[in-house]
Amino acid sequence: MKILPRNMEEAQEQEAAELLERRASRLREQAETTVEEAVHWIAEFPLGEERYALSLEMLRAALPLRMVTPVPLSAPHVVGVLRFQGQVLSALSLASMLGGHGWRQDPAVLLVVDRGDGELCALDCEAIPRPTTLPASVVEAARVRAEGPVMEVFTQDRQLIHLIDLKRLFNPRSTGGRNAR
Amino acid sequence: MPVDPMLQGLVTGFAVEAQEVIQKVTMDLLELERDGLDSTALAKVYVRLGRHLHTLKGSASSLGLQDLGDIAHKLEDALAPLKASSRKMPRSVVDVLLHGLDLFMLRAQAHADGRGDALPDPAAALAQLVAEGPAPETVGPQASGQAPQSSSAEAAPLATPEESALVESSSAMNQDAQPESADTGWRVSVRQVTSLMREVERLREVRLRVEERGRELDRVVTVLAKQGLLAETAEARTLLAGTSRLLRTDGEETSDIVDALEEGLKAITTRPVRTILDPLQRMVRDLSRQLGKEARLSVVGSELSLDRRLLEKLQGALVHLLRNAVDHGLELPSQREKAGKHQEGALTLRIEQQGNLLFLECSDDGSGIDVMRVRKVAESRGVVTSDEAERLNENQVRDLIFRPGFSTRSDVTDTSGRGVGLDAVRASVEALQGRIEVNSTPGQGTRFVMTLPVDLGSSPVLVVRALEQLVGLPMLAVEATQLARADSLRIGKRKAHLEYQGQLLPVVDLGARLGLRALAPPAEGQPLLIVQSGGKRVALGVDAVVGDKDLVIRPLPSEVRDVPAWQGAATLSRGELLLICRPDWLVTETGQAAVTAQRRALVVDDSLTARALHRAMLEAGGFSVHLAASGARALDRLATDTYDVVICDLDMEEMDGTQLIARLREKKETSSLPVILVSAHDSAAARERGMAAGADGYLSKRECAAGRLLAEVLDVMSRRGARA
């Protein structure tokens, strides 16, 4: 059998195959890791001295707090109404909904969220939220423990985050207060 | 009976056509059953009825639907002897004919669905129809000799029955069946049409913006003219004025385009309201007979055309309301007579569209809602606890009838008693972003009013101002505008009245009514609008009339939909929302005396959300709260109103908290007014600065949790009180 040296094309093909194999194994490893550490994406923001968050999947937009029309005679937690993508939405005071919370900066941002029943509304917020993750298992455990709309979840670095369950917050049977935890 | 496959497509169209014709026949039958028609009118209805039945027979036969042709023929037979007599149709005959029509429609639909093969032999049903039909002797001697065929001949005098049937059938198919399936049209999805509607709405807003730009240009021209540089700016002003004129023309053209687009979309998406209302006549008749009652349904506004989807969704709600009215509302004829009413109960459906709002009213002249009974039943059924029931006022008790599980019927009947009905009505109205209200007077009747948004159309709105709040008033409710003059005002201790066209109208201050300021009599020269609704009129005091606009009114979101003051919101030229006030709320009396007894707080903060938070906390503590967005506005408020405490932001533009305190301390009336400063700054220096300026208390916003703010306010007030 005559042994022939590899030509340039063959060498490149082999290198490409090896490169693809390395990438594939990297991706396989990532997938395995993902399965092990399922995460829950959240939008985290400050409220007074505390850290609050809501599920990122419920967040539709973050808008500057302007063009809000106050609604006289409405419930105390209603800041006003605004127009968003052709719809009229309520702007609500999150601090008020959570039972009279102090705040550090006057809210300048509105978070447009899905209330959990398909309707949208806007919640005021002191700063633009930061997307981050929490271990899904921790969130699930907190959800089981909590009775009210706010779940206490500890991050890996032992920071406390108050995760808001919007469905419970907007459920009329829920107290909406912090003591509902 | 199999249908020729070639004709199957036409059968579907025929079923639609038959439905419409049967509806007309039903209306005619109900008309013939009633008293009050003279013989000429009766004869006309009989002829029309005969023609409709003949059309049904001819159309069915031409498609090979022999069973339907036979049914229609039997119905013609039943009608024939009565036609000649031109007398009111006996109820038993109406029953037979209605039953025959039901049978006809059921079979027509089955043929259209391709289920014709599975239909039972019509012979038995036909035999029953014949048996139930009127015996010739029951309708009078004149009619006894009439042969059925003669009625057909009368109905189509220029052709044989077969020929006329073919002609009518083919014309009906051309009109109704063809456009649905032929290549002359398009099939479009609801989403595509809805999206077009949104674009039309956007175009309407663009038109508003164009108008605003025109006004801005006019202002620029005025400013340039005022500069004293008339010669230097002449060319620029001429150019700008020309552009402004062109903009106005463009705006008008845009307006025409919007109107044309709306008309086009309306034609595509709407159908006459009568298509859902007419079948209700039959339902009312059948149900009242079943319950041994007499009822007549009158419809006002059936000529309107509305969105097909809206109509379909409303149909169920209307059926529920009317069934309830017949079952619960109307009394038995003997009871009605005893109460001095006509033995036939009156039901009214009124439909009115104002701009893009639809008002649907369903009323009866029955016994009204027994509030005591509702309260008792709600308690016994666990809808509310006895404590809750005690606290409810009459309106709230009436609203309990919309709660799930509520029914005053103790027995379950075919009609009601299962506690399902009005809650479903409310749910379907709310699903359409509407609202439903109920009014009732014992012994006189009950009225349900539904207000629903419709996609197309705009409403003329008068924009007014109360303090800083712009408010829209439906123009239809504004009768006149005038300025307050001392000689036409009658100012009492608690109320002011305006002498207007020989009447004394109560003066309502919009700002006070909205809780924005304390009640005060109108000032000389203040604009007063004469607002009317439901036969009541008031003189509405506003701070300014801004102007009139043609606006699209949108429904409010669920969090504020139940605030009785507001009908909806409309977008203004800069994209901000304008709240539209409900005239019926404005003309309704309220007790303001209770409000004046409360402790009053003024919150001054340039942050809308901070104002809302302070207000929430203070109102929870029993305070009546007014708001000001700046130091200057706070001074305006303090010049006219008195307050027990002021909560003021330290850092505000133009005039900060310390400057406001300095101004307050200068004046005798406010020198000892308790003021609490709040600030985002939590530093000792900021606190020191605030207290040095004369504040009675200082809180960082972080500390402003509900209890803390309230405790500070009460503490400061008691300290000031002790010092005084």
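In the predicted model, a salt bridge joins the side chains of A:Arg115 and B:Glu559, with N and O 2.7 Å apart. Three salt bridges are counted between chain B and chain A, and eleven residue pairs, both members at pLDDT 80 or more, are in polar contact across the two chains. On the side of chain B that touches chain A, the elements giving two or more residues are helix 18 (558-561), strand 18 (566-571), strand 19 (577-581) and helix 21 (608-620) of chain B. Helix 21 of chain B supplies the largest share of that side, ten residues. By residue type, the side of chain B that touches chain A consists of 23 nonpolar, eight polar and twelve charged residues.

The contact involves 43 residues from chain B and 38 residues from chain A. About 3,300 Å² is buried between chain B and chain A, and carbon and sulfur atoms give 64% of this area. In chain B, the most area lost to chain A is that of B:Glu559, B:Leu577 and B:Leu613, which together account for 20% of what that side buries. B:Glu559 is also the partner of A:Arg115 in the salt bridge described above.

Over all chains, 57 salt bridges are found. Within chain A, the side chains of A:Arg130 and A:Glu44 form one at 2.6 Å, N to O. A:Arg130 belongs to strand 8 (residues 130-135) of chain A and A:Glu44 to strand 1 (residues 39-47) of chain A, so this pair ties together parts that are 86 residues apart in sequence. A:Glu44 is buried, at a relative accessible area of 8%, whereas A:Arg130 is partly exposed, at 43%. Elsewhere in chain A, A:Ser55 is located in strand 2 (residues 50-55) of chain A. With a relative accessible area of 11%, A:Ser55 is buried. Leaving aside residues up to four places away in sequence, A:Ser55 touches A:His40, A:Trp41, A:Ile42 and A:Leu163.

In chain B, B:Glu361 and B:Arg447 form a salt bridge whose closest N and O atoms are 3.3 Å apart. This pair links distant parts of the chain, with B:Glu361 in strand 5 (residues 357-364) of chain B and B:Arg447 in strand 7 of chain B, 86 residues apart. B:Glu361 counts as buried at 13% relative accessibility, while B:Arg447 is partly exposed at 33%. A network of salt bridges with shared partners joins B:Glu33, B:Arg91, B:Asp95, B:Asp102, B:Arg282, B:Arg285, B:Asp286 and B:Arg289. A further salt bridge pairs the side chains of B:Arg219 and B:Glu212 at 3.6 Å, N to O. Of these two residues, B:Glu212 counts as buried at 7% relative accessibility and B:Arg219 as partly exposed at 43%.

One aromatic pair is present over all chains. The ring centres of B:Phe402 and B:Phe448 lie 6.0 Å apart with the planes at 80°, so the arrangement is edge-to-face. B:Phe402 is in the loop between helix 15 and helix 16 (422-431) of chain B, and B:Phe448 is in strand 7 (residues 445-453) of chain B, 46 residues apart. Both B:Phe402 and B:Phe448 are buried.

Helix 13 (residues 371-380) of chain B has B:Val371, B:Val374, B:Arg375, B:Val377 and B:Ala378 buried. The buried residues of this helix pack against helix 14 (386-391) and helix 15 (394-399) of chain B. At the N-terminal end, helix 13 of chain B is capped by B:Asp370, a side-chain oxygen of which lies 3.2 Å from the backbone nitrogen of B:Met372.

Methods
Residues are numbered from 1 along each chain as its sequence is written. Chains are lettered from A and ligands numbered from 1 in the order in which they are written. This is a predicted model: local features need pLDDT of at least 70, side-chain atom pairs count only at pLDDT 80 or more; totals for chains, interfaces and linings use all residues. Side-chain values use heavy atoms; hydrogens and water are left out. Contact means heavy atoms within 4.5 Å. Buried area is the accessible area (1.4 Å probe) that two parts lose on being put together, summed over both. A salt bridge is a side-chain nitrogen of Lys or Arg within 4 Å of a carboxyl oxygen of Asp or Glu. A polar contact is a pair of N or O atoms within 3.5 Å; within protein, one must be able to donate a hydrogen and the other to accept it, and residues adjacent in sequence count only if both atoms are side-chain atoms. Helices (H or I, at least four residues) and strands (E, at least two) are DSSP runs, numbered from the N terminus. Ala, Val, Leu, Ile, Met, Phe, Trp, Tyr, Cys and Pro count as nonpolar, Asp, Glu, Lys and Arg as charged, and the others, Gly among them, as polar. Buried means under 20% relative accessible area, exposed over 50%, partly exposed in between (1.4 Å probe, protein chains only). Rings of Phe, Tyr and Trp (its six-membered ring) pair if their centres lie within 6.5 Å; planes under 30 degrees apart count as stacked, over 60 as edge-to-face and the rest as tilted.
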